Amino acid sequence: AAGTLDRARRAMVQGSDREHGTQAAATERAKRPGLAALLPPTLEEEAVIYAAFAVLEDNPAGSIDYYGAKAAIKGMGMAVTKRELLQAMEQCCSNSSEDRISRADFTAVAMRFLKRRSQEEQLQADMAIFDTQGKGFVDAGDLRRVTRRLYGTPAADEELSHMIRSFDSGGHGRLGAREFAAATGL
């Protein structure tokens, strides 16, 4: 695996992307509807994606099939459903034939899942700041503690209740992970 990563890094440095270069592929992805939020991959992300693709690339045209894409995504440490992968392939793949996916298109698909994983990890880390007891939700007491730390004095109870009510879709008086994400803009 280390040899594959080294070959991937050398290939990128030499500019061997078969699809007009990484920057051009990233620019093209950004033009597609629904993908504007995806940033171009970092060098490290590109190396991981290239290595996963290269291991499963099985033809001279430089493409893999659905099963190869699924295995590559799994090999990158991400679990995705068949529906999620097919939907991402449909949205990200422009020039790939129906049953094959090019390296550039695979990069767009993989980035979608990498960014999602990064957002989930960020949400968990941010929520842990508020939910120090690991309850799985944030309540007024958690908000009171955090506002006390940030501002020296806790926010008024009415203000805390309003913050919770604004995003509490279930009316429980607390924010679950999805509600916390909405409240914090994640």
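**Figure 1. Overview of the predicted chain.** From the N terminus on, the elements run α-α-α-β-α-α-β-α-β-α-α-β-α. The count comes to 9 helices and 4 strands. Helices (H or I, at least four residues) and strands (E, at least two) are DSSP runs, numbered from the N terminus. This is a predicted model: local features need pLDDT of at least 70, side-chain atom pairs count only at pLDDT 80 or more, and totals for chains, interfaces and linings use all residues. Residues are numbered from 1 along each chain as its sequence is written, and side-chain values use heavy atoms, with hydrogens and water left out. The chain has 186 residues, of which 38% count as buried. Buried means under 20% relative accessible area, exposed over 50%, and partly exposed in between (1.4 Å probe, protein chains only). Among contacts (heavy atoms within 4.5 Å) between residues at least 6 apart in sequence, 59% join residues at least 24 apart.

Figure 2. H4 spans residues 66-75. Its buried residues are Tyr 66, Gly 68, Ala 69, Ala 72 and Ile 73. They cover an arc of only 160 degrees around the axis, so they sit on the same side of H4. The arc is that of the directions from the helix axis to the C-beta atoms. An α-helix has 3.6 residues a turn, so residues three or four places apart point the same way. On the other side of H4, Tyr 67, Lys 74 and Gly 75 are exposed. Asp 65 caps the N-terminal end: a side-chain oxygen lies 3.3 Å from the backbone nitrogen of Tyr 67. That is a polar contact (a pair of N or O atoms within 3.5 Å; within protein, one must be able to donate a hydrogen and the other to accept it, and residues adjacent in sequence count only if both atoms are side-chain atoms). After H4 comes Gly 77, with a positive phi near 90 degrees.

**Figure 3. The largest nonpolar core.** This core has 23 residues. A nonpolar core is a set of buried Ala, Val, Leu, Ile, Met, Phe, Trp, Tyr and Cys residues joined through side-chain atoms within 4.5 Å. Ile 73, Met 76, Leu 85, Phe 106, Val 109 and Phe 113 have the most contacts inside the core. H3, H4, helix H5 (82-92) and H6 each give two or more residues to this core. H6 gives the most, with 7 residues. Beyond its neighbours within four places in sequence, Phe 113 is in contact with Ile 73, Met 78, Val 80, Glu 84, Leu 85 and Ala 88. Another core lies apart from this one; it has 12 residues, among them Leu 123, Ala 155, Leu 160 and Ile 164.

Figure 4. The whole structure holds 7 salt bridges, each a side-chain nitrogen of Lys or Arg within 4 Å of a carboxyl oxygen of Asp or Glu. One of them pairs Arg 103 with Glu 46, the closest N and O atoms being 2.7 Å apart. Arg 103 lies in helix H6 (residues 103-130) and Glu 46 in helix H3 (residues 43-56), so the pair ties together parts that are 57 residues apart in sequence. Arg 103 is buried, at 8% relative accessible area. Glu 46 is buried too, at 4%.

Figure 5. Asp 142 bridges to Arg 145, with the closest N and O atoms 3.8 Å apart. Both residues lie in H7 (residues 140-151), 3 residues apart, about one turn of the helix. Asp 142 is buried, with a relative accessible area of 5%. Arg 144 forms a salt bridge with Asp 157, the closest N and O atoms being 2.8 Å apart. Arg 144 lies in H7 and Asp 157 in helix H8 (residues 157-167), so this pair ties together parts that are 13 residues apart in sequence. Arg 144 is partly exposed, at 26%. Salt bridges that share partners join Asp 131, Lys 135, Asp 139, Asp 142 and Arg 145 into one network.

**Figure 6. Surroundings of Asp 139.** Asp 139 lies in strand E3 (residues 138-139). At 22% relative accessibility, Asp 139 is partly exposed. Its side chain reaches the backbone nitrogen of Gly 141 at 3.1 Å. The backbone nitrogen of Asp 142 lies 3.0 Å from a polar atom of the Asp 139 side chain. Leaving aside neighbours within four places in sequence, Asp 139 is in contact with Ile 164, Gly 173 and Arg 174.
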